[in-house]
Amino acid sequence: MASVTLEKINKVFGSTHIIKDVDLQIGDGEFVVFVGPSGCGKSTLLRLIAGLESITDGELSIAGGVVNDLPPRERGVGMVFQSYALYPHMTVYENMAFGLKLAKTAKDTIEQRVMATARILQLEELLHRKPKELSGGQRQRVAMGRAMAREPRILLFDEPLSNLDASLRVQMRNEIARLHHRLGSTMVYVTHDQVEAMTLADKIVVLRDGRIEQVGSPQTLYQQPATRFVAGFIGSPTMNFMPAQLVRGDANGCRVTAPGLGELTLPQDAGGLPHGSGLTLGVRPEHLRLAEADGENSFEIVNVEYLGNEVYVYLEPKAGETLLIHRSEASDRWQTGQRVALIPDLAHVHLFDDADHALEIAAARRVA
Ligand SMILES: Nc1ncnc2c1ncn2[C@@H]1O[C@H](COP(=O)(O)OP(=O)(O)OP(=O)(O)O)[C@@H](O)[C@H]1O
Ligand SMILES: [Mg+2]
């Protein structure tokens with residue numbers, strides 16, 4: 001177990017600057033998840049921690065010691081990849097023992113470590129089998145076992161579940177969470193999957209174009225996204241955005257107008273902005289309420305998706321504009337073609353300035 005500290009980490013490939021001034025503190029035993037659009041640098045950052053890529057500039061420390069110049073095997077990290085090709089001609093036992101053998105570990109230590117790992121991953125019954133005789137989930141567990149048997153201080157995962165089918169992913173996600181509880185080891189995990197990020201992470205790191213956009217607990221990122229990018233990236237279906245204008249505002253709150261919503265009184269501190277400023281209003285699908293249409297403020301329902309446990313209602317502000325999504329607990333009251341009014345829950349409305357930064361809730365309005 002160990003903490004990891006990244007200080008002003010940069011990575012340049014040729015003439016392309018990929019990782020830019022990344023500062024990050026990963027606590028001992030913490031589960032940290034990297035998310036972000038394809039190509040933003042998630043895998044590169046993980047490989048820099050593992051030592052599979054050299055650091056161009058900055059300092060990387062593990063358990064307080066600088067490791068920039070240490071080769072991967074001396075960093076005490078284990079890595080599980082998306083394509084975790086097991087050695088097909090070796091048994092499960094041999095696959096897990098292989099890394100230890102290469103490291104010239106004593107035979108009885110190898111046996112002890114492999115057996116302990118197999119017990120944790122519930123692979124004891126399968127040790128004599130070859131990979132082709134295993135299910136996808138079992139193979140995934142062997143890949144994890146291979147990384148774990150070396151007793152790394154830190155486990156790194158790069159989209160380890162993305163090759164599995166949906167139900168197996170759910171099962172493995174659960175197993176990884178339980179593994180983390182049992183081992184208490186530091187884990188860094190890259191994923192594209194919102195649910196994996198939200199459910200596994202103590203801390204989520206949102207990366208964008210090689211920089212950290214925001215770091216926080218799943219709750220913080222969901223409830224208080226610092227930028228429009230994070231607001232739109234975390235949450236599914238995604239947050240609704242619409243243009244709005246500041247009518248008046250000060251350090252205690254503000255009034256804004258948004259087409260189709262009328263004038264709203266909101267708790268955000270708009271002290272620094274001139275009246276008339278253009279803003280973006282954001283509201284999640286579950287924080288909108290539908291009501292009978294009233295005059296001008298109405299939206300047309302263009303589609304209703306019934307998912308069993310919930311319903312998504314798609315609304316068109318004006319012909320051709322981006323659709324808004326309303327989510328509710330199963331209710332079949334709304335029908336395509338109907339016109340309705342939208343009522344946002346004012347405590348859950350987000351406002352972003354023209355640089356896409358969130359306006360903070362006024363100090364006096366903050367709920368403790
Ligand atoms: N060895 C390399 N040489 C040059 N460019 C590279 C190299 N490895 C990665 N890159 C570039 O660095 C950027 C970040 O790549 P990286 O693999 O870290 O992205 P990612 O966030 O993991 O994306 P994905 O979600 O698609 O896996 C990409 O633009 C990629 O093309
Ligand atoms: Mg990647």
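A salt bridge is a side-chain nitrogen of Lys or Arg within 4 Å of a carboxyl oxygen of Asp or Glu. One such pair in this predicted model joins glutamate 196 to arginine 169, with the closest N and O atoms 3.0 Å apart. Glutamate 196 lies in helix H6 (residues 194-200) and arginine 169 in helix H5 (residues 166-183), so the pair ties together parts that are 27 residues apart in sequence. Helices (H or I, at least four residues) and strands (E, at least two) are DSSP runs, numbered from the N terminus.

Because the model is predicted, local features need pLDDT of at least 70 and side-chain atom pairs count only at pLDDT 80 or more, whereas totals for chains, interfaces and linings use all residues. Residues are numbered from 1 along each chain as its sequence is written, chains are lettered from A and ligands numbered from 1 in the order in which they are written, and side-chain values use heavy atoms, with hydrogens and water left out.

**The chain as a whole**

- The chain contains 8 helices and 20 strands.
- Its C-alpha trace spans about 80 × 45 × 40 Å along the principal axes.
- Of the 368 residues in the chain, 46% are buried (under 20% relative accessible area; exposed means over 50% and partly exposed in between, with a 1.4 Å probe and protein chains only).
- Among contacts (heavy atoms within 4.5 Å) with a separation of 6 or more, 65% are between residues 24 or more positions apart.

**Salt bridges**

- The structure holds 12 salt bridges.
- In the pair described at the outset, both glutamate 196 and arginine 169 are buried.
- Glutamate 151 forms a salt bridge with arginine 113, and their closest N and O atoms are 3.2 Å apart.
- This pair links distant parts of the chain, 38 residues apart: glutamate 151 is in the loop between helix H4 (136-148) and strand S7 (154-158), and arginine 113 is in helix H3 (residues 107-120).
- Glutamate 151 counts as exposed at 52% relative accessibility, while arginine 113 is partly exposed, with a relative accessible area of 21%.
- Glutamate 263 and arginine 255 also meet through their side chains in a salt bridge, at 2.6 Å from N to O.
- Both partners count as partly exposed: glutamate 263 has 40% relative accessibility and arginine 255 has 23%.
- Arg169, Asp193 and Glu196 are joined into one network by salt bridges that share partners.

**Packing of helices H2 and H3**

- The axes of helix H2 (residues 92-102) and H3 come within 10 Å and cross at roughly 135° (axes are lines fitted to C-alpha atoms, for helices over the stretch in contact, and angles run from 0 to 180 degrees between N-to-C directions).
- H2 and H3 are therefore oblique to each other, since angles under 35 degrees count as roughly parallel, over 145 as roughly antiparallel, 65 to 115 as roughly perpendicular and the rest as oblique.
- On the H2 side, Tyr93, Met96, Ala97, Leu100 and Lys101 take part in the contact, and they meet Ile110, Glu111, Arg113, Val114, Met115, Thr117 and Ala118 in H3.
- These residues divide into 8 nonpolar, 1 polar and 3 charged (Ala, Val, Leu, Ile, Met, Phe, Trp, Tyr, Cys and Pro count as nonpolar, Asp, Glu, Lys and Arg as charged, and the others, Gly among them, as polar).

**Valine 313**

- Valine 313 is placed in strand S17 (residues 310-316) and is buried, with a relative accessible area of 1%.
- Leaving aside neighbours within four places in sequence, valine 313 is in contact with Leu290, Ile301, Asn303, Leu324, Ile325, His326 and Trp334.
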